[in-house]
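Dear colleague,

Please find below the structure that I am handing over to you. I would ask you to look through it first and then to read the notes that follow.

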Amino acid sequence: MLRPDQIVTGARLSARDPGYCAASLDCGVLMLPESTAEVSTICSHANAAGIGLVPHGGLTGLVEGTASHPGQVAISIERMARVLRIDPDQRIAVVEAGTVLQDVIDAAADHGLMPGLDIPSRGSARIGGLLSTNAGGIRVLRYGMARQNVLGLEAVLANGEVLDAMNCLQKNNAGFDLKHLFIGAEGTLGIITRAVIALVPRPRETRVALVAAERFEDLAKLLGAARSRFDSQLLSFEVMWPEYYRHTTAQAGFGLLPLAADHPIYAILETGHWHPEPGDCPLTEFLGGAFEEGQIIDATVAQNEAQRSAIWRAREDGDSIEGHFGACIDYDIGMELSAMPAYVARLRARIAHTAPEHPPFFYGHIGDGNLHVTFGLPPERLAARALFDDAVYGSLDGVGATTVSAEHGIGEEKRAVLPLSRDATYLSVMAQLKACLDPKGIMNPGKVFPR
């Protein structure tokens, strides 16, 4: 049984931050289990009563994946937040699902290690939520999505049974690898309670550069050249179109611009260096060659932590769009690099015709084909979301291989457009898995699947 302080209602609930999803607390009841056994008990009783459970992590998701409704119960893993073990020899971290990513980063740093997974909301995002959404972030180019960074996990099923898939071994082919069912399932198949996270050597130093180019195609060539030159040392390759760069760097207190704000397009390159390298900075040398070949027209390499932070702030401070306009709508589509310039041009033209007062902001992880599109608008315009959905997803027609969600997930927000990325057979198999593991449909109702 839970203690009274583990059941939050009324004024105590109203005082809590709903995170990026305004409807996170609309159910009116939040439970705060402190152990896997308590999560199991909650699931067992909820399943027997047919009560929907909405898992909450750090509430940093962007697709209404934590939205709750009257008659349901939200269940937060925030009190299950211990780093249970760091094993530097096996390079793993065993953690509870409520552990904040930054805490894993800090614990691993004491051993010269780090998780490969990194996202801007590292200070609030929790491991369970990151795995449930198969989070991506700024270092997917080097280390892959969340799925590639997990060896094992523990999950509580709808009926309260605990699935122990806490594998700590690099090689384990003993039957199905069931952890993958829960990574990216957004809490619709079970609640992740513990995980084994793979760790990687922390670079001795990182080098960060901001470059500008005349065309997106030039940056695509620069990416290929950087991969050839740096191989596994290339940690990140991020792109910002000029409207986004001008907005994030124009905020009060930003300081000196790393590069002028009148260039056609920008990219951030980050390289990791594990051993001392003789001679000049290899990133500076590489960019000098790119300048001579006409791939870039301007560049700066951070010389200290303040300059490094300024460059990354220009890329990571997308929340400033909502702060400036009052609200925003975010999309995280994916496509092949060769298709991006035409897609951006097509969407710009479409919005110029249908909503010229709300031009899009473009940025993204082009090293892995992930394009973010954000519209800043006053809150009263959110009711017109369908107009922006039609423009963003309608502009994907004829693009080729695409996805409506490169890293954010589906939640409630993208459920209607999921068939644009998955065919009928694929969706049927998903539904069969849902029916098998959650026959009463209590796990995160309405997310990914219709309620």
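In this predicted model, α14 provides the largest share of the lining of the second largest pocket, namely 4 residues. This helix spans residues 424-437, and α6 (179-182) likewise supplies at least two residues of that lining. In total, 29 residues line the pocket, and its volume is about 800 Å³.

Which residues lie nearest the centre of the second largest pocket? They are R147, I183, G184, R422 and Y426.

The chain is divided into domain 1 (83-201), domain 2 (205-316) and domain 3 (321-406). Domain 1 and domain 3 each contribute at least three residues to the lining of the second largest pocket.

I turn now to domain 1 and domain 2. Their centres, taken over C-alpha atoms, are separated by 30 Å. The contact involves 8 residues from domain 1 and 14 residues from domain 2. About 930 Å² of area is buried between these two domains, and carbon and sulfur atoms give 54% of it. On the side of domain 1, the residues that lose the most area to domain 2 are I138, L141 and R142, which together account for 59% of what that side buries.

Finally, 2 salt bridges are counted between domain 1 and domain 2. In the model, R122 also forms a salt bridge with E316, with the closest N and O atoms 3.2 Å apart.

Yours sincerely

Terms used: Residues are numbered from 1 along each chain as its sequence is written. This is a predicted model: local features need pLDDT of at least 70, side-chain atom pairs count only at pLDDT 80 or more; totals for chains, interfaces and linings use all residues. Side-chain values use heavy atoms; hydrogens and water are left out. On a 1 Å grid over the protein atoms alone, a cavity is a set of points where a 1.4 Å probe fits but cannot get out, and a pocket is an open set with protein on both sides within 12 Å along at least five of seven lines; lining residues have an atom within 4 Å of a point. Grid points are joined across faces, edges and corners, and a volume is the space filled by probe spheres set on the points. Domain bounds come from an automatic or database domain assignment. Contact means heavy atoms within 4.5 Å. Buried area is the accessible area (1.4 Å probe) that two parts lose on being put together, summed over both. A salt bridge is a side-chain nitrogen of Lys or Arg within 4 Å of a carboxyl oxygen of Asp or Glu.
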